[in-house]
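Hi,

Here is the structure I said I'd pass on.

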Amino acid sequence: MSNKKKIFSGVQPSGNLTLGNYLGALRNFGLLQDDFDCLYCVVDLHSITVRQDPELLRERSYAVLALYLACGLDPDKNVLFLQSQVSGHAELGWALNCYTYMGELNRMTQFKDKSQKHADNINGGLYTYPVLMAADILLYNADMVPIGQDQKQHLELARNVAERFNKIYGDTFVIPEPFIPKTGARVMSLQDPTKKMSKSDDNVNNFILITEGKDKIIKKFKKAVTDSGSEIVYDEENKPGISNLMKIYASITSKSVEEVQKEFEGSRYGDFKMAVGNTVADTLEPIRIRYEELMQDKAYLDSVFKKGAERAKSMSEPMIDEVYRKIGFLR
Ligand code: AQP
């Protein structure tokens, strides 16, 4: 690692990755790899806050790595690794739990949403999830964290915990900044555009998978709910469906929403949906092809994880040492 600024981000292997994960996170990871020292993690420890099938979890951990690579992340330039293979995450996570207040965790909206969705399994890990996320980031003194809008509240908590620790023990952690894309930060569900597109959604028509074929993608966009009226205008409050599609198209084509509105002035909803479907499918197609090739070579994926874990371990061990020493543990 050089003296470039450091980036950390992660994705949970809790399902197949969606267009939301791509536009909110993965696509931006690739854009940052030349200017920053980047660590991109497959955060499997986080994923068990919701019950996972062990075989499927292993397969999905490979799948997230394969998608990192298929989206253009270079395993030599970036540290690509599996969270459970680097013990510092759990170690720092435990320590930071003792510097985080229940009042802070009670305010987390993701906990509220997920406890409603998994009412039969509201476990302690789901509650302290943001503390482990703080540990992920602070362990490496990351300066910046590329995330979607939904993770902003968690990042603010990480900043507060870091500041609290620094105040008690002197400068230890860098205070991380969020890096949230202008468009694509919050891709909404296709059938219910008032909630975000999520990989663990029960209704498959709510999301587009990065690895889905063209026919399926177009079919799902055709089915996407639109609003009353017939004009392609951006109005999040009164036209959440069409506004979501406009934001997706803007983000994929790197255009502004105003440009998209102009481009489709006078078009019908059906034609616009076809254009969005086609553009999304064409963008994702090469990623899917590369992903499928990579998933055939688990030995290669294991070797990337192994090298990543070695690098992440050597980067994180001095921080664990410093924190444990400051807290008062014998070293
Ligand atoms: N709909 C979204 N729009 C933009 N960005 C999104 N992200 C997730 N959904 C959207 C971003 O993707 C990154 C990885 O997310 P994660 O796997 O850590 O968990 P998540 O935020 O909880 O994503 P999901 O898809 O909703 O997963 P499940 O269903 O398992 O909870 C993050 O940077 C996130 O902001």
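This is a predicted model: local features need pLDDT of at least 70, side-chain atom pairs count only at pLDDT 80 or more; totals for chains, interfaces and linings use all residues.

Below is what turned up, starting with the ground rules.

Residues are numbered from 1 along each chain as its sequence is written, and side-chain values use heavy atoms, with hydrogens and water left out.

**Aromatic pairs**

The structure holds 16 aromatic pairs. Rings of Phe, Tyr and Trp (its six-membered ring) pair if their centres lie within 6.5 Å; planes under 30 degrees apart count as stacked, over 60 as edge-to-face and the rest as tilted. One of the pairs is Y249 with F264: the ring centres are 5.2 Å apart and the planes sit at 80°, so this one is edge-to-face. It links distant parts of the chain, with Y249 in helix 10 (residues 240-253) and F264 in the loop between helix 11 (257-263) and helix 12 (269-295), 15 residues apart. For the numbering, helices (H or I, at least four residues) and strands (E, at least two) are DSSP runs, counted from the N terminus. Both Y249 and F264 are buried, where buried means under 20% relative accessible area, exposed over 50%, and partly exposed in between (1.4 Å probe, protein chains only).

Y249 also pairs with F272: their centres are 6.2 Å apart and their planes at 65°, so that pair is edge-to-face too. Here the link runs from Y249 in helix 10 to F272 in helix 12, 23 residues apart. F272 is buried, as is Y249. Elsewhere, ring pairs tie Y99, F165, Y169 and F173 into a cluster.

**Helix 10 against helix 12**

Two packed helices are described by the angle between their axes and the distance between the axes. The axes of helix 10 and helix 12 come within 10 Å and cross at roughly 35°. Axes are lines fitted to C-alpha atoms, for helices over the stretch in contact, and angles run from 0 to 180 degrees between N-to-C directions. The crossing of helix 10 and helix 12 is left-handed, meaning that the near helix is turned anticlockwise from the far one by less than a right angle (clockwise would be right-handed).

Which residues meet there? On the helix 10 side they are I242, L245, M246, I248, Y249, I252 and T253, and on the helix 12 side Y269, F272, K273, A275, V276, T279, V280 and T283. Contact means heavy atoms within 4.5 Å. The residues of this contact divide into 11 nonpolar, three polar and one charged.

A224 is in the loop between helix 9 (214-223) and helix 10, and is buried at 3% relative accessibility. Not counting residues up to four places away in sequence, A224 touches L190, Q191, L245 and K273. V257, in helix 11, is buried as well, with a relative accessible area of 13%. V257 and M246 are 11 residues apart in sequence and 6.5 Å apart in space, C-alpha to C-alpha.

**Two buried polar side chains**

E104 lies in helix 5 (residues 102-106) and is buried at 7% relative accessibility. A polar atom of the E104 side chain lies 2.9 Å from the backbone nitrogen of Y101. Leaving aside neighbours within four places in sequence, E104 is in contact with L157, N160 and R164.

Q33 is in the loop between helix 1 (19-32) and strand 2 (37-42), buried with a relative accessible area of 10%. The side chain of Q33 reaches the backbone oxygen of G72 at 3.0 Å. These are polar contacts: pairs of N or O atoms within 3.5 Å where, within protein, one must be able to donate a hydrogen and the other to accept it, and residues adjacent in sequence count only if both atoms are side-chain atoms.

**Positive phi**

Most residues other than glycine have a negative phi. N141, in the loop between helix 7 (124-138) and strand 4 (144-146), has a positive phi near 55° and is partly exposed at 23% relative accessibility. S254 also has a positive phi, of about 55°; S254 sits in the loop between helix 10 and helix 11 and is exposed, with a relative accessible area of 63%.

Cheers

Note on methods. Ala, Val, Leu, Ile, Met, Phe, Trp, Tyr, Cys and Pro count as nonpolar, Asp, Glu, Lys and Arg as charged, and the others, Gly among them, as polar.
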